[in-house]
Amino acid sequence: MTAPADDGSPERAGYRRSAGSPRGEARRRELLDRVTDDLAVNGLVDFSLRRAARAAGTTHKVLLYHFDGAEDLLRQAIGRLRERRIGNALAATAVGASTRTLSAQVRAVWASLMAEEPGLRRVLDQAIGLAMYDPDRHAELGSEASAQYLPVLTSFCPEHWSDRRKRAVAEMILASLRGFLLERLISGDVERLGAGVDALIRMLEREEAVDE
């Protein structure tokens with residue numbers, strides 16, 4: 001995988017950062033949305049500030065006014081794509097959420113992941129791969145993913161559980177789902193993965209049956 005090209009930063013290139021005015025913030029969001037849409041279609045391979053500028057219909061100098069370079073722009077765009085994944089998962093668990101068990105909600109999340117648009121799945125897989133390939137530059141792509149996903153998974157746990165127990169179970173679920181997604185990427189054997197998910201669900205059912 002090719003790491004995003006480093007096209008410079010505001011400090012090196014001498015560009016003034018956006019001061020965060022309402023108009024400037026609206027423009028920044030507009031540019032970020034366009035770059036995010038481009039990533040969802042074309043993935044991370046050969047991503048650069050100039051490619052992002054073409055997708056946003058602007059120049060790389062304008063992007064440097066609003067962002068701290070290619071890596072900052074990439075990190076924020078990937079965060080937006082994770083928000084899409086989380087939104088899809090929450091929509092899948094919304095029906096009967098007040099009475100749904102943890103295990104049922106996790107099953108709904110897995111179904112959402114299986115129905116995910118290929119472009120979204122591909123670029124988020126690539127982001128984790130990039131974090132492993134070059135952790136010195138891109139470790140945040142992995143750590144920020146956990147920071148976004150874990151609160152959602154924790155919220156699925158029974159309210160009477162302790163914070164420590166919720167966190168531990170959420171960590172187990174996240175690690176398991178990540179492993180299943182990686183195995184799907186490697187093997188493509190959805191039927192075998194389904195058996196693994198069923199085993200995870202049974203484990204969660206047993207966990208739910210245990211009182212603190």
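Trainee: What relative accessibility does R29 have, and as what does R29 count?

Mentor: The model is predicted, so local features need pLDDT of at least 70 and side-chain atom pairs count only at pLDDT 80 or more, whereas totals for chains, interfaces and linings use all residues. Residues are numbered from 1 along each chain as its sequence is written, and side-chain values use heavy atoms, with hydrogens and water left out.

R29 has a relative accessibility of 38% and counts as partly exposed; buried means under 20% relative accessible area, exposed over 50%, and partly exposed in between, using a 1.4 Å probe and protein chains only. Its side chain forms a salt bridge with that of E25, at 3.7 Å from N to O. A salt bridge here is a side-chain nitrogen of Lys or Arg within 4 Å of a carboxyl oxygen of Asp or Glu. E25 is also partly exposed, at 24% relative accessibility. Helices (H or I, at least four residues) and strands (E, at least two) are DSSP runs, numbered from the N terminus.

Helix α2 also packs with helix α3 (residues 49-56), at an angle of about 110° and with the axes 8 Å apart. Axes are lines fitted to C-alpha atoms, for helices over the stretch in contact, and angles run from 0 to 180 degrees between N-to-C directions. This makes α2 roughly perpendicular to α3; angles under 35 degrees count as roughly parallel, over 145 as roughly antiparallel, 65 to 115 as roughly perpendicular and the rest as oblique. The contact (heavy atoms within 4.5 Å) involves L31, R34, V35, D38, L39 and N42 of α2 together with R51, A52, A55 and A56 of α3. By class, it has six nonpolar, one polar and three charged residues. Ala, Val, Leu, Ile, Met, Phe, Trp, Tyr, Cys and Pro count as nonpolar, Asp, Glu, Lys and Arg as charged, and the others, Gly among them, as polar.

For comparison, a salt bridge also joins the side chains of D198 and R107, at 3.1 Å from N to O. D198 lies in helix α10 (residues 190-209) and R107 in helix α6 (residues 102-114), so this pair ties together parts that are 91 residues apart in sequence. The count of salt bridges comes to 17.
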